[in-house]
Amino acid sequence: GITVYLPVVVAAEQFGCSREQLIRALALSNLVAAHIHYYMGHLSALCGILIAGTGAASAITYLMGGTYEQVVNTIKTMCSNLTGMMCDGAKQGCALKVYSGVSAAVQAALLSMKGIKTHNDGIIEEDIEKTIRNVGIIGTAGMEQTDKTILNIMCRKQ
């Protein structure tokens, strides 16, 4: 939750954005995150920072004056960068992952605004919806064994 909001608020303050721009950016951040989350299911070994960070990255790109195409490229860059980061169930690890995700969000926005694009290879497709679905497949079916393994490790601790 906090990652979807705070980086966007800070970016809006830095850029001197209007209240309306901030509200639109927060809506975009939440909608992008909700859309990605739809394909992930309720529980995944894939860290939620990918979802929240991608929402924030999209909004930051918007606040920088980014076009639709630049926002799409930002989403692709985030998916290319953070897909595979696993949730290890450790709250201290969460704080570090939030830092990594917010840093990646700012970086993705800056790259997109400079016209640097993620190539359509690996899990990244020309169609942004297919890219998001690919991330969802990784987060659900692809992480089933990882989730079991992490739970086994956590349950063995004394």
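Residues are classed as buried at under 20% relative accessible area, as exposed at over 50%, and as partly exposed in between (1.4 Å probe, protein chains only). Thr 131 has a relative accessible area of 0% and is therefore buried. The structure is a predicted model, in which local features need pLDDT of at least 70 and side-chain atom pairs count only at pLDDT 80 or more, while totals for chains, interfaces and linings use all residues. Residues are numbered from 1 along each chain as its sequence is written, and side-chain values use heavy atoms, with hydrogens and water left out.

Thr 131 is placed in helix α6; helices are DSSP runs (H or I, at least four residues), numbered from the N terminus. With residues up to four places away in sequence not counted, Thr 131 touches Lys 76, Cys 79, Ile 123, Ile 124 and Glu 125, where contact means heavy atoms within 4.5 Å.

Asn 73, in helix α4 (residues 68-82), is also assigned to a class by its accessibility. The relative accessibility of Asn 73 is 7%, so Asn 73 counts as buried. Apart from neighbours within four places in sequence, the contacts of Asn 73 are Ser 112, Ile 116, Lys 117 and Thr 118. The C-alpha atoms of Asn 73 and Val 102 lie 17 Å apart in space, at a sequence separation of 29 residues.

Lys 117 belongs to the loop between α5 and α6 (128-139). Lys 117 counts as exposed because its relative accessibility is 63%.

Helix α3 (residues 49-63) packs against helix α5 (residues 91-113) at an angle of about 35°, and the two axes are 8 Å apart. Ile 49, Gly 53, Ala 57, Ile 60 and Thr 61 of α3 make the contact with Lys 97, Val 98, Gly 101, Ala 105, Val 106, Ala 109 and Met 113 of α5. Axes are lines fitted to C-alpha atoms, for helices over the stretch in contact, and angles run from 0 to 180 degrees between N-to-C directions. The crossing of α3 and α5 is right-handed, the term for a near helix turned clockwise from the far one by less than a right angle.

A salt bridge requires a side-chain nitrogen of Lys or Arg within 4 Å of a carboxyl oxygen of Asp or Glu. The count by this rule is one. The side chains of Glu 20 and Arg 24 form a salt bridge, with an N to O distance of 2.9 Å. Both residues are part of helix α2 (residues 19-40), where Glu 20 and Arg 24 are four residues apart, about one turn of the helix. Glu 20 is partly exposed, its relative accessible area being 47%, and Arg 24 is partly exposed at 48% relative accessibility.

Helix α7 (residues 144-156) contains Glu 144, and Lys 148 is also placed in helix α7. Glu 144 counts as partly exposed at 47% relative accessibility; Lys 148 counts as partly exposed at 48%. Glu 144 and Ser 44, 100 residues apart in sequence, have a C-alpha to C-alpha distance of 7.7 Å. For Lys 148 and Ala 45, 103 residues apart along the chain, the C-alpha atoms are separated by 8.7 Å.

Note on methods
Helices (H or I, at least four residues) and strands (E, at least two) are DSSP runs, numbered from the N terminus.
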